Amino acid sequence: MTDLTEDVLISLRQISRATSLHSRRLAKDTGLTTPQLLVLKDVQRHGGTGVSDIARRISLSQATVTSLVNKLEGKDLILRIKSTADKRRTDITLSAKWNELISAAPP
């Protein structure tokens, strides 16, 4: 193994460890997982949006985002609202409870 390859592997491990530690802190502080927070932040950034749009923007499968949305809806952090423009579409928006939570979430 070359020195460069070893350096890259060590750097990747450090990134992985830092991500894991941050995820644990996030879960402890907010009760949310990193993917759940990514969904919430995406909805905050883009307003009322559909699951497939969220999935595309945050690089998760539509099935995964649907599951995350279900959990977030159960925590009263998001709302599903039928689109007035397209009856087949359901838009995801943030609830009032989200504002309380975001102030406690780490960056």
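Student: In this predicted model, what share of contacts between residues at least 6 apart in sequence joins residues at least 24 apart?
Tutor: Take the contacts in the chain between residues at least 6 apart in sequence. Then keep those that join residues at least 24 apart. Their share is 43%.

Student: In what order do the elements of the chain run from the N terminus on?
Tutor: The chain has five helices and two strands. Read from the N terminus on, the order is α-α-α-α-β-β-α.

Student: How are helix 2 and helix 3 oriented to each other, roughly parallel or roughly perpendicular?
Tutor: Helix 2 spans residues 34-46 and helix 3 spans residues 51-58. Their axes lie 10 Å apart, at an angle of about 110 degrees. Angles of 65 to 115 degrees count as roughly perpendicular. The two helices are therefore roughly perpendicular.

Student: Which residues in helix 3 do Leu38, Val39, Asp42, Val43 and His46 in helix 2 meet?
Tutor: By class, this contact of helix 2 with helix 3 has five nonpolar, one polar and two charged residues. On the helix 3 side, the partners are Ile54, Arg57 and Ile58.

Student: What radius of gyration does the chain have?
Tutor: The C-alpha atoms fill a box of roughly 60 × 30 × 20 Å along the principal axes. A compact globule of 107 residues would have a radius of gyration near 13 Å. The chain, however, has 17 Å.

Student: How much of the accessible surface belongs to carbon and sulfur atoms?
Tutor: Of the 107 residues, 28% count as buried. The accessible surface of the chain comes to about 7000 Å². The carbon and sulfur part is 56%.

Definitions and conventions
Residues are numbered from 1 along each chain as its sequence is written. This is a predicted model: local features need pLDDT of at least 70, side-chain atom pairs count only at pLDDT 80 or more; totals for chains, interfaces and linings use all residues. Side-chain values use heavy atoms; hydrogens and water are left out. Axes are lines fitted to C-alpha atoms, for helices over the stretch in contact, and angles run from 0 to 180 degrees between N-to-C directions. Helices (H or I, at least four residues) and strands (E, at least two) are DSSP runs, numbered from the N terminus. Angles under 35 degrees count as roughly parallel, over 145 as roughly antiparallel, 65 to 115 as roughly perpendicular and the rest as oblique. Contact means heavy atoms within 4.5 Å. Ala, Val, Leu, Ile, Met, Phe, Trp, Tyr, Cys and Pro count as nonpolar, Asp, Glu, Lys and Arg as charged, and the others, Gly among them, as polar. The radius of gyration is taken over C-alpha atoms; the globule rule is 2.2 Å times the number of residues to the power 0.38. Buried means under 20% relative accessible area, exposed over 50%, partly exposed in between (1.4 Å probe, protein chains only). Accessible areas come from the Shrake-Rupley method with a 1.4 Å probe; for residues, only the protein chains shown count as cover.
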